[in-house]
Amino acid sequence: MKKNSVVMAIILLFSLFNFSCSGGRTVCATSYEINCSLENDVLSGEEKVVFYNDSDNSIKQLKFNLFGNAFRKDAKYKPISEQHEHVAYPSGASYGEMQIISVTERGAPLNFSIDGEDKNVLTVELSNEIFPCESVQVEISFKLKLANVLARTGITEKAVNLGNFYPVLCKLTDNGFYECLYYHNGDPFYSDVANYKVTITANEDYVIASSGKEQSKEYSNGKVKKTFCINSARSFAMVLSTEFKTETAWCDKTKVNYYYYKDENPKQSIEYAVKSLKYFSNVFGVYPFEEYTVVQTGFVQGGMEYCSLVYVSDAVEQISIGEVIVHETAHQWWQVMVGNNEIEHGFLDEGLAEYSVILFYENYPEYNLTREQLVLSAEKTYKTYCSVYEKLFGSLDTKMLRSLKDFTSEYEYVNLSYIKPCIMYDCLRKTIGDKKFFDSLKKYFNDYKYKTATPDDLVGAFEKKGASSNGYFYSFFDGKVVL
């Protein structure tokens with residue numbers, strides 16, 4: 001995700017089972033087949049999930065994250081910080097909720113419960129134990145009440161945001177299913193890749209931007225029905241609007257789409273998407289999906305990444321739209337393909353995505369932003385943060401290795417997950433040289449593409465390419481380094 005606050009200042013400062021689907025790879029993986037319809041502020045859905053047990057343990061129950069429940073009136077963890085509530089809810093307080101109507105296994109009813117610390121988890125009791133390399137199919141009927149909120153999921157003035165709109169399987173770890181709490185800091189998500197086939201029915205006036213590639217479209221009785229598919233996707237999202245205009249371009253074999261309603265220079269914006277997609281493909285590894293979609297929408301932060309689709313907030317100033325697009329495009333490598341636990345290690349994807357922005361501008365001098373300028377800006381921003389926090393609290397904790405729940409503010413999260421990693425990567429690059437630096441990033445990408453990486457995995461990729469950097473990385477991770 002792209003934050004509005006400190007990161008935006010960098011630009012402003014120097015401006016004065018397998019579906020026959022496209023994208024990714026076809027794998028023996030969990031699959032989602034979702035059929036949903038939107039009526040006013042309610043999304044009704046039928047979800048068929050084929051869970052493939054690729055763990056070493058047998059499974060007796062499945063757990064799903066219910067991110068839509070974070071918008072309940074009585075939610076313990078609010079999806080929007082107090083700082084941003086007045087912006088996120090322009091028409092006043094509004095609430096949403098996810099209701100589970102039924103759960104079946106190939107038509108036979110299953111016992112289920114809504115639990116977790118904040119009614120954030122659907123627990124499904126299976127009829128039979130599922131052993132390693134076996135699979136099970138369950139069907140979930142749900143309704144999602146959408147709040148009027150500028151969030152990942154919600155109704156905005158000009159669009160309907162459908163990110164995290166369906167029950168999502170919790171990531172299966174060695175300690176069982178990992179339940180995600182919807183912290184307002186960062187991106188509180190952790191998931192595996194899966195194959196998706198999603199059909200949505202809505203009023204025919206809607207233009208629908210979506211993850212994946214459109215497979216079919218039909219109009220009937222004032223409605224439009226579209227089906228989209230994508231394989232090896234860590235997430236699936238859609239945005240609907242009656243006001244979308246579109247621009248289309250190509251990056252090699254990838255179709256690039258831009259949906260917008262408030263952009264003075266849409267051709268320049270899509271150019272940022274094409275150039276960054278091409279550059280990151282060359283320097284990190286090839287982008288595998290057939291389409292990439294950038295969507296302008298109402299959103300309280302600068303942007304948000306999903307597989308093959310990203311948000312750009314309509315509140316972003318014209319001069320900063322390109323920078324947000326580049327950052328969110330970088331997330332297609334760092335989070336979408338190379339996954340990580342964004343709750344425990346948010347700096348892994350955010351830090352690499354933000355340093356990727358510096359790499360982009362360094363290699364496109366026509367935008368008049370140099371590596372030296374951007375790193376200097378990051379250093380000034382970080383030093384200011386350190387000074388402010390020392391004065392406010394009398395001490396300073398600069399550990400990057402911490403959970404979202406442990407950050408005291410978004411200001412702290414941005415500086416330790418976006419800004420400090422930029423300084424870390426640039427210092428390391430100067431020390432080991434460009435060849436080892438970029439070879440290490442390529443290895444990290446190739447080794448963990450479609451997998452889940454940890455901080456140790458990042459360090460290991462550099463070590464394997466001859467960069468003795470273990471102590472260096474952990475001096476930053478643990479907060480020991482003094483800048």
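Predicted model: local features only at pLDDT ≥ 70, side-chain atom pairs only at ≥ 80, totals over all residues.
**Reading a loop residue, a helix pair and a sheet**

N341 lies in the loop between β24 (339-340) and α5 (346-363). Helices (H or I, at least four residues) and strands (E, at least two) are DSSP runs, numbered from the N terminus.

Reader: Is N341 buried or exposed?

Author: Buried means under 20% relative accessible area, exposed over 50%, and partly exposed in between (1.4 Å probe, protein chains only). N341 has 7% relative accessibility and therefore counts as buried.

Reader: Which residues is N341 in contact with, leaving aside its neighbours within four places in sequence?

Author: Contact means heavy atoms within 4.5 Å. On that basis N341 touches Y178, F189, Y190, G346 and T452.

Reader: How does one describe the packing of helix α7 and helix α10?

Author: Two packed helices are described by the angle between their axes and the distance between the axes. Axes are lines fitted to C-alpha atoms, for helices over the stretch in contact, and angles run from 0 to 180 degrees between N-to-C directions. Here α7 (residues 410-432) and α10 (residues 470-477) pack at about 160 degrees, their axes 11 Å apart. This makes α7 roughly antiparallel to α10, a label for angles over 145 degrees.

Reader: Which residues of α7 and α10 meet?

Author: K420, I423, M424, Y425, C427 and L428 in α7 meet Y472, F473, F476 and F477 in α10. These residues divide into 9 nonpolar, no polar and 1 charged. Ala, Val, Leu, Ile, Met, Phe, Trp, Tyr, Cys and Pro count as nonpolar, Asp, Glu, Lys and Arg as charged, and the others, Gly among them, as polar.

Reader: What is the strand order in the open sheet of 4 strands?

Author: Two strands pair if DSSP finds at least two bridges between them. The order is β6-β7-β3-β11, with antiparallel pairing. β6 (112-115) and β11 (168-169) each have a single partner strand, so one side of each is left without a neighbour in the sheet.

Reader: How is β6 joined to β7?

Author: 4 bridges join β6 to the antiparallel strand β7 (residues 121-130). S113 has T123 as its bridge partner in β7, and F112 has V124. The two strands form a hairpin with 5 residues between them, and G116 in the turn has a positive phi of about 85 degrees.

Notes. Residues numbered from 1 in each chain as written. Heavy atoms only, no water. Parallel < 35°, antiparallel > 145°, perpendicular 65-115°, else oblique.
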